[in-house]
Amino acid sequence: MIQLRTYVYIDSLQPQLAAYIGSVSQGFLPVPGDAALWVEVSPGMAVHRLTDIALKATRVHLSQLVIEREFGAMVIHHRDQSDVREAGHAVLARLGAGQEDRKACRVTWNEVIRGMMPDHTVLINRQNRRGSMILPEQSMFILETEPAGYIIYAANQAEKAANITLIDVRAVGAYGRMIISGREADVDEAAAAAVHAVKNPSWT
């Protein structure tokens, strides 16, 4: 029995998120403006079968394939939104599931810290080497979700909503985590968009 944990569609990858995905991907790298689909299932090994179906059904490219014992995730993308949508429908058909069967996203942590201190920002920057750097006096927004994959959609919608800097996005494992920074007003606006996104995930 394969459980659909995450199923989230991104119509247009934003520049910072596309660059971040490119820094961690081992497959075909996405570019800004590509449509993308993040699918996470349990048990993890089942993702190979679903990846094969998606790639054979359409022209999509595979940017990531993450397999743990409990969870497995794939990220596919293409410039043409219709290819990504069609691949998603092929995966759902193989599962005998609908998008409504995906696990509801739960926000496990949601916090804005204002006026960051230099010691704090230096340590964050040393720990997170794939995104951009947070600067002293900026505000920082932290979001954690379960399942993990929804954090990608949150990051994309946050970047769409305001002029923020993407510091870290981790969408693998039991929980997804995101850190963004910027001016206080921009961070507040982006945080609201991110929380709204995970409570109202997209459909193909």
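Which residue in E4 does Glu40 stand opposite? Glu40 stands opposite Ala73, and that pair is a handy way into this predicted model. The chain is divided into domain 1 (1-99) and domain 2 (104-197).

- Four strands make up an open sheet, with antiparallel pairing and the order E1-E2-E4-E3.
- Strand E1 (3-10) and strand E3 (61-67) are at the edges with a single partner strand each, so one side of each has no neighbour in the sheet.
- From one strand to the next, the twist averages 10 degrees.
- E1 and E2 run antiparallel and are joined by seven bridges; here Thr6 has Glu40 in E2 as its bridge partner.
- E2 and E4 also run antiparallel, again with seven bridges between them, and this is where Glu40 finds Ala73 opposite.
- E3 is joined to strand E4 (residues 72-78) by six bridges, the two running antiparallel; Leu62 has Ile76 in E4 as its bridge partner.

**Strand E2 under cover**

- E2 is mostly covered, with eight of its eight residues buried.
- In a regular strand, side chains alternate between the two faces of the sheet.
- On one side of E2 sit Ala35, Leu37, Val39 and Val41, and on the other Ala36, Trp38, Glu40 and Ser42; all are buried, so both faces of the strand are covered.
- Helix H3 (residues 81-95) lies across E1, strand E2 (35-42) and E4, and runs at about 170 degrees to E1.

**A helix pair**

- Two packed helices are described by the angle between their axes and the distance between the axes.
- For helix H5 (residues 150-161) and helix H6 (residues 184-199), the angle is about 145 degrees and the axes are 8 Å apart.
- The crossing of H5 past H6 is right-handed.
- On the H5 side, the residues that meet H6 are Tyr150, Tyr153, Ala154, Gln157, Ala158 and Ala161.
- Their counterparts in H6 are Glu189, Ala190, Ala193, Ala194, Ala197 and Val198.

- The largest nonpolar core has 35 residues, and Leu17, Phe141, Val169 and Met178 have the most contacts inside it.
- At least three residues of this core come from each of domain 1 (1-99) and domain 2 (104-197).
- A second, separate core has 20 residues, including Tyr7, Met74, Leu92 and Leu95.
- Leaving aside residues up to four places away in sequence, Phe141 touches Asn110, Glu111, Val112, Met178, Ile179, Ile180, Val187, Ala191, Ala194 and Val195.
- Taken over C-alpha atoms, the centres of domain 1 and domain 2 are separated by 22 Å.
- Contacts between the domains involve 21 residues of domain 1 and 24 residues of domain 2.

**Asp11 in its loop**

- Asp11 has its place in the loop between E1 and helix H1 (15-24).
- The relative accessible area of Asp11 is 31%; buried means under 20% and exposed over 50%, so Asp11 counts as partly exposed.
- Not counting residues up to four places away in sequence, Asp11 touches Gly33, Asp34, Ala35, Gln81 and Lys160.
- Asp11 and Thr58 are 47 residues apart along the chain, and 17 Å separate their C-alpha atoms.

How values were computed:
Residues numbered from 1 in each chain as written. Predicted model: local features only at pLDDT ≥ 70, side-chain atom pairs only at ≥ 80, totals over all residues. Heavy atoms only, no water. Core = buried A, V, L, I, M, F, W, Y, C linked by side-chain atoms within 4.5 Å. Buried < 20%, exposed > 50% of the residue type's maximum accessible area, 1.4 Å probe, protein only. Domains from an automatic or database assignment. Contact = heavy atoms within 4.5 Å. Pairing = 2+ DSSP bridges. Axes fitted to C-alpha atoms, helices over the stretch in contact; angles between N-to-C directions. Left-handed = near helix turned anticlockwise from the far one by under 90°.
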